[in-house]
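Welcome, and thanks for taking a look. Please have the model open beside you as you read this briefing.

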Amino acid sequence: MILVQLFASFFKIGLFSFGGGYAMISLIADEIFKYQWLSQSEFVRIIGIAGMTPGPIAINSATFVGYKMAGFAGAFFATLGVSMPSFFLVLALAGTLFRHADHPLLIQILKGMKPVVAGLIFAAAVTVGKSTLAEFNVNGGLHLNWPTIAIAVIVLTLSLRTKVHPILLIVFSGILGFAAHFLTGISIG
Amino acid sequence: MHIYFELFSSFFKIGMFTFGGGFAMLPLIEKEMVVRKKWIGRDEIMDLFAAAQAIPGAIAINVASFIGYKIAGKKGSFMATLGVILPSFMIIIAVAALFMQIADAWQVAAVFNGINGGVVAMILISGFRMARSGIVDRITATLFTVTLIAVIFLGVSPIYLILLGAAVGLLRYAIEKKHSKEAGDGE
């Protein structure tokens with residue numbers, strides 16, 4: 001049953017995601033939290049790993065979530081699910097799209113979806129940020145995770161000001177996180 | 001070498017060695033297909049990249065399927081797609097199996113305390129980029145705001161918002177067409 005669910009969920013994600021990997025995070029989060037497959041912090045870690053390993057983020061996160069839920073078979077069905085809509089749409093539309101990629105109807109539809117995709121990416125930042133930059137403790141108080149916030153700001157600045165490869169920046173943020181553990185002397189994570 | 005195997009191995013290589021997701025693959029795919037294999041012209045591949053972004057799904061898979069189809073039909077499409085997926089699939093299974101063993105270690109928690117910050121920054125950057133190219137007038141700005149509120153505060157499924165964006169685009173096309181027709185009639 002879980003295999004069918006994984007396949008169906010990732011098929012849906014593959015069918016409705018436009019604008020690349022980060023735009024897909026909101027869709028994946030929606031499915032994962034609906035079925036309560038993973039906790040927020042588990043999901044966020046998977047996104048981190050999916051972004052650091054080679055290959056498309058969509059495939060990486062589908063394979064990882066599937067593996068975590070149901071081992072090799074889970075990984076297989078989740079990956080199959082997220083890839084199938086693309087593959088069959090290409091086979092069905094290849095001829096038409098080669099000729100009409102600049103049709104005004106298609107351009108208008110993509111123009112309408114682009115701001116939505118932008119919104120979905122910011123929503124993904126909120127989903128990831130909510131469980132990492134801050135946390136609510138048991139008595140309802142808000143605890144800000146200052147080391148992680150500082151690292152986010154540093155990476156954001158470096159990314160805007162320099163041309164360092166994004167992957168190196170993520171590796172660098174991991175090293176900073178490890179260093180912060182000793183600098184702050186508090187148990188975090 | 002047989003064309004199907006060549007397609008598979010080209011895309012396998014690209015999938016194996018590209019860090020940073022589907023968009024990061026495009027320059028490598030261009031180099032392999034246009035410069036090294038000479039299967040496709042430069043203009044043609046740009047059209048393919050545009051078509052790949054017009055359909056849903058992972059950019060890398062869309063591009064591989066399109067190029068495989070263009071060069072060697074349905075079987076070619078299958079082999080190219082399989083090639084680009086397989087490295088990710090194998091690497092992630094190895095990483096996931098290893099990671100599940102060490103996930104509870106404090107060192108992992110400490111490292112991820114940093115990585116999480118880095119990931120938030122990367123997502124924000126990609127959001128800024130998409131917003132800059134996607135928000136061009138009052139209607140697109142409204143769509144952006146509606147999406148933020150609906151997804152973050154109301155928990156609406158992203159799928160409905162994608163459909164809303166497509167519907168607004170369709171409507172604008174219909175209005176544009178009506179106007180140009182009226183303008184044409186007036187002549």
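## A bent helix and its surroundings

Helix α4 of chain B (residues 59-102) contains 44 residues, yet its end C-alpha atoms are only 32 Å apart, short of the 64 Å a straight helix would reach at 1.5 Å a residue. That expected span is 1.5 Å times one less than the number of residues. Helices here are DSSP runs (H or I, at least four residues) and strands are DSSP runs too (E, at least two), numbered from the N terminus.

This is a predicted model, where local features need pLDDT of at least 70 and side-chain atom pairs count only at pLDDT 80 or more, while totals for chains, interfaces and linings use all residues. Residues are numbered from 1 along each chain as its sequence is written, and chains are lettered from A and ligands numbered from 1 in the order in which they are written.

**The kink**
- In α4(B) there is a kink of about 145 degrees, centred on Ala72(B); the bend at a residue is the angle between axes fitted to the seven residues ending there and the seven starting there.

**The nonpolar core**
- The largest nonpolar core has 109 residues, and those touching the most other members are Ala78(A), Val117(A), Ile121(A), Ala124(A), Val63(B), Phe66(B) and Ile123(B).
- α4(B) gives the most to this core, with 17 residues.
- Domain 1 (2-132) and domain 2 (137-189) of chain A both give residues to this core, so it lies between them.
- Such a core is a set of buried Ala, Val, Leu, Ile, Met, Phe, Trp, Tyr and Cys residues joined through C-beta atoms within 7 Å; buried means that 20 or more other C-beta atoms, placed from the backbone, lie within 10 Å of a residue's own.
- Setting aside neighbours within four places in sequence, Phe66(B) is in contact (C-beta atoms, placed from the backbone, within 7 Å) with Val90(A), Ala94(A), Leu48(B), Ala51(B) and Ala52(B).

**Where the chains meet**
- Chain A puts 94 residues into the contact and chain B puts in 81 residues.
- On the side of chain A that touches chain B, α5(A) supplies the largest share, 25 residues.

**Chain A as a whole**
- Chain A has seven helices and two strands, running α-α-α-α-α-β-β-α-α from the N terminus on.
- The C-alpha centres of its domain 1 and domain 2 lie 26 Å apart, with bounds from an automatic or database domain assignment.
- Of the 189 residues in chain A, 53% are buried.

Methods
Two residues are in contact if their C-beta atoms, placed from the backbone, lie within 7 Å. A residue is buried if 20 or more other C-beta atoms lie within 10 Å of its own, exposed if 12 or fewer, and partly exposed in between; C-beta atoms are placed from the backbone.
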